[in-house]
Amino acid sequence: MASAPATASAEPILEVSGLYKHYPLTQGILFKKQVGSVKAVDGVDFTLRRGETLGIVGESGCGKSTVAKMLVNLERPTAGSIKYKGEDITKLSGRALKAVRRNIQMVFQDPYTSLNPRMTVGDIIGEPYDIHPEVAPKGDRRRRVRELLDVVGLNPEYINRYPHQFSGGQRQRIGIARGLALRPEVIVADEPVSALDVSVQAQVINLMDRLQNEFDLSYVFIAHDLSIVRHISDRVGVMYLGRIVEIGKDAEIYDHPTHPYTQALLSAVPVPDPEAREHRERIILAGDVPSPTNIPSGCRFRTRCWKAQERCAQEVPALVVPPHLRGRGGPEAHDSACHFAEAGSVMRSAPGQVVPTEAES
Ligand SMILES: Nc1ncnc2c1ncn2[C@@H]1O[C@H](COP(=O)(O)OP(=O)(O)OP(=O)(O)O)[C@@H](O)[C@H]1O
Ligand code: SF4
Ligand SMILES: [Mg+2]
């Protein structure tokens, strides 16, 4: 949760390094020929510490879900490593992989389609026990499922109901209960509130916040909206076209962004205070996001960047603290993949401003 500075010194639970997922693009029906590749994830690095929430944000198609799927082993990377407590899980198979998968669970975006409509809530939440019977013996499963329903704020008496008998927010609570069934250490939540109304989003985020403390969870929390992740994240990584372009503590990213893309995204976040709104500069990006089959040379953001120079087409900017900001220290000195990174003039809303507490909602 955002207010836990102790996580900065906690040990890494996930270490992602040089992660790539390229899907081959083929032509021909009988004799398939590879004519290119979709570079869905194109060199992602980050660390998740125990007890921490890392928010990952970026526009549609930038590769967020593909990263999520690789973290929970639904997709195998083209290259790179994902270390869970120091062990590269991309190299595991069989029993060892199954054991690790238990500890890294996913919560999906759309509570309307991710729950099987023909199964009762009890069967949906208890299904992971079929794969891991060692966690809950058959005779104890219903008790555990009732407990989980209670933990996520649903009436345990609903155990025999079907998904269509619940609201969107309640369904996402069911998805979270299922994610918790195996008592994982890491939850990868892929846009868990994007399909919900704003008022319900706040309730689900606050529930996740509470569960994090209760179950000692570490979260990778994916969203396309920067205002959603701020309330829950300790750190935030901003993705563009398959890569993280800026990453840092939430205050560094929200109040002192140095990458032009982050500055543009933040300039579009709604500000509730009219006075602050008046003083802020809205950055409208030119053009569309380039295709992931044809990523620009040098800096991948250069085709839309108002600061682009010759060097930007030649040299790929590394995701590091920019040398000219390093010496100064302070909140601007965080990782930013831009040759000309500098503090922006964009004004933003205060943390948590749009998210009421669980008791209020
Ligand atoms: N199985 C696949 N085969 C080919 N291309 C794919 C496949 N899965 C994803 N892609 C492409 O990879 C890119 C990244 O997709 P991804 O779903 O990870 O994006 P995202 O950031 O989660 O987007 P959204 O916000 O819309 O959910 C997109 O261009 C997508 O079309
Ligand atoms: S490296 Fe150049 S093109 Fe890329 S974000 Fe920085 S200024 Fe813009
Ligand atoms: Mg997605």
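Colleague: Which helix lies across β6 and β7, and at about what angle does the helix run to β6?
Modeller: This is a predicted model, and the values here are computed from it. The helix that lies across both β6 and β7 spans residues 168-180. That helix is α6, running to β6 at about 170°.

Colleague: How many bridges pair β6 with β7, and which residue of β7 is the bridge partner of M106?
Modeller: β6 and β7, the latter made of residues 186-190, pair in the parallel sense. Their pairing extends over 4 bridges. On the β7 side, M106 has as its bridge partner V188.

Colleague: In what order do the strands of the 7-stranded sheet stand, and which two are at the edges?
Modeller: The sheet is open, with mixed pairing, and its order is β6-β7-β8-β3-β9-β10-β11. Two strands have a single partner each, so one side of each is left without a neighbour in the sheet. These edge strands are β6 (104-107) and β11 (335-336).

Colleague: How many residues of β7 are buried, and which of them lie on each side?
Modeller: The count for β7 is 5 of 5 residues buried, so the strand is largely enclosed by the rest of the structure. In a regular strand, side chains alternate between the two faces of the sheet. Both faces of β7 are covered, with V186, V188 and D190 on one side and, on the other, I187 and A189.

Colleague: How many bridges join β7 to β8, and what stands opposite V186?
Modeller: β8 covers residues 218-223 and runs parallel to β7. The two strands are joined by 5 bridges.

Colleague: What does V238 touch, and which residue of β10 is its bridge partner?
Modeller: Setting aside residues up to four places away in sequence, the contacts of V238 include V57, G58, I244, V245, H259 and Y261. E246 is also among these contacts. The bridge partner of V238 in β10 is likewise E246.

Colleague: Which residue in the hairpin of β9 and β10 takes a positive phi?
Modeller: Strand β9 (residues 235-240) and β10 run antiparallel and are joined by 6 bridges. Their hairpin has 2 residues between the strands. The residue with a positive phi, near 50°, is L241.

Colleague: How far apart are the domain centres, and which element gives the largest share of the side of domain 1 that touches domain 2?
Modeller: The C-alpha centres of domain 1 and domain 2 are 29 Å apart. The contact involves 10 residues of domain 1 and 10 residues of domain 2. On the domain 1 side, the elements giving two or more residues are β2 (33-49) and α8 (226-232). The largest share, 5 residues, comes from β2.

Colleague: In what order do the strands of the 4-stranded sheet stand, and which helix lies across β1, β2 and β4?
Modeller: This open sheet has antiparallel pairing and the order β2-β1-β4-β5. Its edge strands, β2 and β5 (87-88), each pair on one side only. The helix across β1, β2 and β4 runs at about 115° to β1 and spans residues 64-71. That helix is α1.

Colleague: Is A136 buried or partly exposed?
Modeller: A136 is in the loop between α4 (128-131) and α5 (141-151). A residue counts as buried at 20 or more other C-beta atoms within 10 Å. A136 has 19 within 10 Å, and is therefore partly exposed.

Definitions and conventions. Residues are numbered from 1 along each chain as its sequence is written. Chains are lettered from A and ligands numbered from 1 in the order in which they are written. This is a predicted model: local features need pLDDT of at least 70, side-chain atom pairs count only at pLDDT 80 or more; totals for chains, interfaces and linings use all residues. Two strands pair if DSSP finds at least two bridges between them. Two residues are in contact if their C-beta atoms, placed from the backbone, lie within 7 Å. Axes are lines fitted to C-alpha atoms, for helices over the stretch in contact, and angles run from 0 to 180 degrees between N-to-C directions. Domain bounds come from an automatic or database domain assignment. A residue is buried if 20 or more other C-beta atoms lie within 10 Å of its own, exposed if 12 or fewer, and partly exposed in between; C-beta atoms are placed from the backbone.
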